[in-house]
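Dear colleague,

I am passing on the structure we spoke about, with some notes on what turned up when I went through it. Please read them alongside the coordinates.

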Amino acid sequence: MTGFPVEALRFSPEGRDDAVSAVGILPESARALLVLAHGAGAGMDHPFLSALADRLANRRIATLRFQFPYAEQGRRRPDAPARLTATVRGAVGAAAALAPGVPLYAGGKSMGGRMTSLAAAERPLPRVHGLVFVGFPLHSAGRPGTGRAEHLARVDRPMLFLQGTRDRLADLDLLRPVLAPLDRVTLHVIEDADHGFHMPRRAGRNDEDVLDELADVAAGWMARLAG
């Protein structure tokens, strides 16, 4: 449970009248605000996403977590990409109104991060300085490929990729060559972490340690870009 101010709100995806829920965590003198989208199988209150938001707040990074429409309605199957990217755009607008003057970033866990990148590839996200991907899903499990990353070349903002070496949705031997020719890309690899950033016992560190590392790296990267 965070000890920072929390604000619950609702906003509409771009071009739509229906509304979805969101929650902002707003530490005093925030250095940046990260719009944090959830993954395909869990909503904005998933323990991993909530814990990451709390840790970012401890590092003076505000967050806005939000529901995609299918999660808001209690459905399991994700919405069509156009509706997901419209929701990302709505969330960015809500974040800008929530914290005027605070440098804005966007991204998310797995599918949420990929939908944010698709939105940014379609056209720039207003006021967003950079994108943060927590376990970018390069391909389906057991079906390696790079088609999901073709749009990244059209993103005109700096990008941070946080990836685990045991992630079955992102073979690093495929991801590294995709990222290598792109400008302003940072790849931070966590040894032994899987797609959920869980650690095996043999690793000598636990999931809490990894959450701290994710927050440290993301907060430092955003703060440096914000100047």
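Is Leu138 buried or exposed? Bear in mind that this is a predicted model. Leu138 is buried, because its relative accessible area is 1% and the limit for that class is under 20%. The residue belongs to the loop that runs between β6 (128–134) and β7 (159–164). Once residues up to four places away in sequence are set aside, Leu138 touches Gly145, Thr146, Arg148 and Ala149, as well as Leu169, Ala170, Asp171, Leu174 and Leu175.

Apart from its neighbours within four places in sequence, Arg59 is in contact with Arg31, Asp212, Ala215, Asp216 and Ala219.

Turning to the pockets, the largest one has a volume of about 350 Å³, and its lining is made up of 22 residues, among which Gly39, Ala40, Gly41, Ser110 and Met111 lie nearest the centre. Two or more lining residues come from each of α1 (47–58), α3 (81–98) and α4 (111–122), and α4 gives the most, with 3 residues. By residue class, the lining of this largest pocket comprises 11 nonpolar, 7 polar and 4 charged residues.

With best wishes

Methods
Residues are numbered from 1 along each chain as its sequence is written. This is a predicted model: local features need pLDDT of at least 70, side-chain atom pairs count only at pLDDT 80 or more; totals for chains, interfaces and linings use all residues. Side-chain values use heavy atoms; hydrogens and water are left out. Helices (H or I, at least four residues) and strands (E, at least two) are DSSP runs, numbered from the N terminus. Buried means under 20% relative accessible area, exposed over 50%, partly exposed in between (1.4 Å probe, protein chains only). Contact means heavy atoms within 4.5 Å. On a 1 Å grid over the protein atoms alone, a cavity is a set of points where a 1.4 Å probe fits but cannot get out, and a pocket is an open set with protein on both sides within 12 Å along at least five of seven lines; lining residues have an atom within 4 Å of a point. Grid points are joined across faces, edges and corners, and a volume is the space filled by probe spheres set on the points. Ala, Val, Leu, Ile, Met, Phe, Trp, Tyr, Cys and Pro count as nonpolar, Asp, Glu, Lys and Arg as charged, and the others, Gly among them, as polar.
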